[in-house]
Amino acid sequence: MIRVLHICAALDGGGVDRFLLNYWQAANKEILHFDFVVHSNKRGILEDQIEELGSAIYHVVPKTEDFIGYLKQMTRIFKEGSYDIVHCHQGYNSYIPLINARRCGITNTIAHAHTAFEPESRFSSLLRKISSYLTRITASQLAACSQDAGLYMWGTHSFTVLEDAIDLSAYAFSQTARSCFRDRLGFSSKFVVGCVGRLCPSKNHMRLLNIFRLIQSDHPESALLIVGTGSEEQRIKKTADQLKLRNVCLFGVSNQTGQLLSAMDVFVLPTLYEGFGMAFLEAQANGLNTFASKTVVPEATRISDLIHYIPLEATDSEWASCITKYMRKRTKFEPLPQADDYDIKIKADQLCKYYLDICKDDTKK
C-alpha cells in the first residue's frame, strides 16, 4: 500500500479541499492510503467525511505564527507516518515542508499548483519566482490543476496536470432539494442568483454585489445566495447593506453543495484569477446557466453549453444584461453528456497510477 500525506491549508469546503475529498472518496483504498496536514486548530466541515474514510488529520500551528513549533510538529509527522509520498498543495510555498520531508528521508515529494495569474506587484512577482525556484529544486514532481496554473507556477519545467474532477451525479438537480432550501430561505418565488466559493478577494464578491444590484433594480423579486466562508464575509455583509440590497443570504460553508445549487437559477462568479475553477463544473452538472470571467477561468471548464464567459472588462450593466437573458424557472434537469476529462472515477484511477509510477521510479534509483 502507498501511503500519501497531503499538506493543505484547511479541509473546510474550499476548492482544494473538495478536490482532495473527491479523489479520496473515489480512490482504491486497497492500494492507497491518504492522511492530511492542515494549518489551523479549526476543524473543517469535510473532516468528518475524511476521517470516516480512514484518514488521520494532523492540525499544525501555521509557520507564520510559530516557525520552530511548526517544524517540530511536521518533523514528528514525517518520521512517525512512514509515508511513501508527500503531496503539498501550497503552490510555490511548498519548499519549506518539502525540504523538511526530504530531511526526514521522504524522497517522493509533489508540489501542486492550484492557482494562476494572480495580480501581483514587482516585489511579489520576484518573491514568487524565487519561491517557485526553491520549490522546483526541492520537489521530485511538479503538478498543477490546469495547464494555465502549471505554466504560471512552473514555467517551462515539466509538470503533470491533475484535473479537478468531480462525481457529476452528486451535483444533479433535485426538485426536492430546490423546494426545501428555497422555502427555508424565503426564496420560493424569487429569481435566485447564486455562487459557491471561498469569501476572499480573488473571488470578487464585491463585483458580484454590484452586478446583482442592477439585476435587482430591474427585477425586484431577485435574491442572492452566497455559499462559502472566508476573510471577506463581514465586508460583503457591510457592502450589501450599503447598497441597500434585499434578499441577500450568506449561507456559510456547507457540505450540501449539490442541494444548494439546485436552489439557484443562475450561477455567477466574476473571479479575478483561477487555477481552474471546480465550482463551474459543479454548477453545470446541476444544469445551471453559469457565468465566469473570460480568459481568467480556463476554457477547459466548458463541459456543456451552459457556461458563458464574460470579460472582466465588461461593465456591470453588461454582466447583468447577459445574466438576465437566462431568467427562467427551473423545473427539470437534463443530465450532461459524459465528461471523461473530469469524471472522478476515471481520474482517481489515473491518480493511483501516477503515485504507483512515482514509487516504481524511486525503486530504480
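**View 1. Thr135 sits in helix H5, which covers residues 122-138.** This is a predicted model, so read the close-ups with that in mind. Thr135 counts as buried because its relative accessibility is 0%, and the cut-off for buried is under 20%. Leaving aside residues up to four places away in sequence, Thr135 touches Gly91, Tyr92, Asn93, Ser94 and Tyr95, plus Ala111 and Trp154. Take Asn93 as one of these partners: Thr135 and Asn93 are 42 residues apart in sequence, yet their C-alpha atoms are 6.9 Å apart in space.

**View 2. Here helix H8 packs against helix H12.** H8 runs over residues 205-218 and H12 over residues 316-324. As for handedness, the crossing of H8 and H12 is right-handed.

**View 3. Now for the side of each helix that takes part in the H8 and H12 contact.** From H8, look for Arg207, Asn210, Ile211, Leu214 and Ile215. From H12, the partners are Asp316, Ser317, Trp319, Ala320, Ile323 and Thr324.

**View 4. Zoom in on Asp316, a residue of helix H12.** Which residues does Asp316 touch, once those up to four places away in sequence are set aside? The list is Arg207, Asn210, Ile211 and Leu214, and these four belong to the H8 side of the contact between the two helices. Ile215 is another H8 residue in that contact. Asp316 and Ile215 are 101 residues apart along the chain, with 9.7 Å between their C-alpha atoms.

**View 5. Finally, step back to the whole protein, with its 13 helices and 13 strands.** The C-alpha atoms fill a box of roughly 65 × 45 × 35 Å along the principal axes. A compact globule of 365 residues would have a radius of gyration near 21 Å, and the protein agrees with that, at 21 Å. Buried residues account for 55% of the 365; Thr135 from the opening view counts as one of the buried residues. Of the contacts between residues at least 6 apart in sequence, 70% join residues at least 24 apart.

Technical notes:
Residues numbered from 1 in each chain as written. Predicted model: local features only at pLDDT ≥ 70, side-chain atom pairs only at ≥ 80, totals over all residues. Heavy atoms only, no water. Axes fitted to C-alpha atoms, helices over the stretch in contact; angles between N-to-C directions. Left-handed = near helix turned anticlockwise from the far one by under 90°. Contact = heavy atoms within 4.5 Å. Rg over C-alpha atoms; globule rule 2.2 N^0.38 Å. Buried < 20%, exposed > 50% of the residue type's maximum accessible area, 1.4 Å probe, protein only.
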